[in-house]
Amino acid sequence: MRHLSLLAGMAAVGLVAKAQMADVPRGHWAEGAVRALLEKGILTGYQDGTLRGQEAVSRYQAAVMLYRAYLTWTEEVLAQVRKALEDSGLSPERVAEALSGLAALQEALPQVERSLAQHGVQLEALGADLEELRTALASLLEAQGEAKAMEDKVKALEGALARADGAYREQASRLAAMEARLQALERAVEELARGLREAEEARLKEAQATGRRVFALEERTKTLEEAARNRARGEVFLGVGEAGPQAGFALQYGNAHLRLGTDGAEASVREGPLELLYRDGLGREVLARYALFQGIRFLGEGGLGDGGYLFGAAYVEHERQGGVVPGVYARLGAGAGLVGGEPGRYWLEAQAGTLLGPVDLTLGYGRYWGLGEGDTPFSALFVSAAYPGAGWSLTLQAAYAVPYEDIGRESGFQVGGKVEASMSPFRLTLTGGYREGLVGFGVASYAERFRFTTATGFFGGVRVGYEVRF
């Protein structure tokens, strides 16, 4: 019956060990050692049947395993002593074997006690009982062959063994208490980790909710800003310029703009890539412009000028944002028209610009093939520089043109500048410069291209505008 119970216990231990190795890969280099430690009870695994061999071991867990290992060893040595007592005749070999095991157990005791001292484990009583048991065994070994002495020594050995068993059971009880504290600590750590996870999840959800609120606020702000930009604005202005007194008004609503004044008129509207434009300056023109792509744009243009003049143009434009070379602007354009049903007024223009710190610098060249007799053909070089200040801006322009027909001068040039300052709701504009027989700027616009004139000398003007928001 005893053997059946032993076999059942061994089978149960084997099943537990197998259950606790659910996550140990088959054939792993530590599989045998893990199985042996589980079967001896030194390792116990987790309640879910896993060992979690990749996780770090805490100092508390290491102390419990050391405690279990030493008590398991103690139990095996005490079993050897019992076996020696049960043997008929108390063979010297059995007694010597038990004595050797006790000596090794005692030799390891101080080191184990030092390792467990910080966890409150005291092994003095167990050490004293083991020493008493070793003394009894040594005396028994010396008394071999003397019946009376043997009987007394056996009784002393049995008493020492009983006391050692008691000390062992006490240490086993302490081990159980220590394991209970470790389990409580592990549960507390798990609860803390769960609390931290829940707090992190709650923080993440709150951050996501905050992000959604911020995004909604940003979208609302963009909508309000767009509405403010698209709100109708107007400006009335008075001033004096090169042609005398000037007055007028300007309106802007979204992408539509209208300006009417004694010095000219301009209207434009833009929707996506399409722009419609009317100008009345040095000449009048109506044109439509369409752009393709971004970064490097292709623009087509067609329009109508004074006297039924039809014209068209095409451009390739490299934008500062999104182009091949960031910050660099370049444009190449060419155009022609129909005059009296015949092609003419060809032109070619090239511009390139970049930012020099805050200054936007642009250089250009234009060639215009006019029809003569007031529509003078010419070549021109021109440059412009713009500086945007805080609440004000400065623009400087210079141009030099050479005519290709006899107009009484070999060249013309002009230098000018404009300063604009905003002091809401007022806007102040100052212009000034010097010209030598040249007005306008560039060659691409029929209404604003360079024209030779007899006017020479300084020019300037001032204009004050008052902004009105609807």
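How many bridges join strand β13 (residues 392-403) and strand β14 (residues 412-423), and do the two run parallel or antiparallel? They pair in the antiparallel sense, over 10 bridges.

This is a predicted model, so to speak: local features need pLDDT of at least 70, side-chain atom pairs count only at pLDDT 80 or more, and totals for chains, interfaces and linings use all residues. Residues are numbered from 1 along each chain as its sequence is written, and side-chain values use heavy atoms, with hydrogens and water left out.

**View 1. Gln 414 and its bridge partners.** Strands here are DSSP runs of E with at least two residues, numbered from the N terminus, and two of them pair if DSSP finds at least two bridges between them. Gln 414 in β14 is the bridge partner of Ala 399. Gln 414 also has a bridge partner in β15, namely Arg 435.

**View 2. The β14–β15 hairpin.** Two residues sit between β14 and β15 in this hairpin. The pairing is antiparallel, with 11 bridges.

**View 3. The cavity.** A cavity is a set of points on a 1 Å grid over the protein atoms alone where a 1.4 Å probe fits but cannot get out, and lining residues have an atom within 4 Å of a point. The count comes to one cavity of 30 Å³ or more. The lining consists of Glu 235, Phe 237, Arg 427, Thr 429, Arg 463, Val 464 and Gly 465. β1 (233-241), β15 (426-439) and β16 (451-469) each give two or more residues to that lining, and β16 has the largest share, with three.

Conventions: 1 Å grid on protein atoms, 1.4 Å probe; cavity = no way out; pocket = protein on both sides within 12 Å on 5 of 7 lines; lining within 4 Å. Points joined across faces, edges and corners; volume = space filled by probe spheres on them. Helix = DSSP H or I, 4+ residues; strand = E, 2+ residues; numbered from the N terminus.
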